Amino acid sequence: MKPLKLFVSMSMSGKTNEEIAAQMKQAHQEAERIVHMPLVLLNTVFDLPEGTSPLRYIAESIMKLSEADIAYFCDGWEQSRGCRVEWMCAREYCMDRIEQYDAMLKMRHCPTCGELLRTQKRLEE
C-alpha cells in the first residue's frame, strides 16, 4: 500500500522557522499515533518572494492540501483566516481531518456523505 500523506494546517504568523518545524513535527507524530501507521508529511512552508499576497499563499496551500489523504488542524486554527479556508476545503471535499482543540484531538467523518473515513477504508482493504 502506498503511504498516506499528511497536510498540517497551522498559523505561521509571528513564528520562527524553528517553532514552525517543532509544531509540524508534533502534529506529524500525533497524527501517526491516531491512525496507527506512518504518514508522509507534506511540506507546507513556501519560499515565496517577500511581498507575495496572502491569497497566493492560500492558493499554494490548497494545492498541497489536494495531495493529502489526511489534514491535521493544529490548535488555534479557528483564529487563522488561512487555516479556516483550508478547513472549509477539507470539510467540503470530504477529507479525513484531525482537529486539535486545547490538546484534545478529534478525528472527523465526512459531514456530507456520512461515510467512514477514507483512511479507515484504506486500512480495511
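E86 is found in helix α3, residues 81-92; helices (H or I, at least four residues) and strands (E, at least two) are DSSP runs, numbered from the N terminus. This is a predicted model, in which local features need pLDDT of at least 70 and side-chain atom pairs count only at pLDDT 80 or more, while totals for chains, interfaces and linings use all residues. Residues are numbered from 1 along each chain as its sequence is written, and side-chain values use heavy atoms, with hydrogens and water left out.

- E86 counts as buried because its relative accessibility is 7%; buried means under 20% relative accessible area, exposed over 50%, and partly exposed in between (1.4 Å probe, protein chains only).
- Leaving aside neighbours within four places in sequence, E86 is in contact (heavy atoms within 4.5 Å) with F7, S9, I58, S61, L65 and F73.
- The C-alpha atoms of E86 and A59 are separated by 9.8 Å, and these residues are 27 residues apart along the chain.

**Helix α2**
- Helix α2 (residues 54-65) has 12 residues and should span 16 Å at 1.5 Å a residue, which agrees with its end C-alpha atoms being 16 Å apart; the expected span is 1.5 Å times one less than the number of residues.
- Buried residues in α2 are I58, E60, S61 and L65.
- Seen down the axis of α2, these fall within an arc of 160°, so they line one face of the helix; the arc is that of the directions from the helix axis to the C-beta atoms.
- On the other side of α2, L55 and M63 are exposed.
- The buried residues of α2 pack against β1 (4-9), β3 (70-73) and α3.
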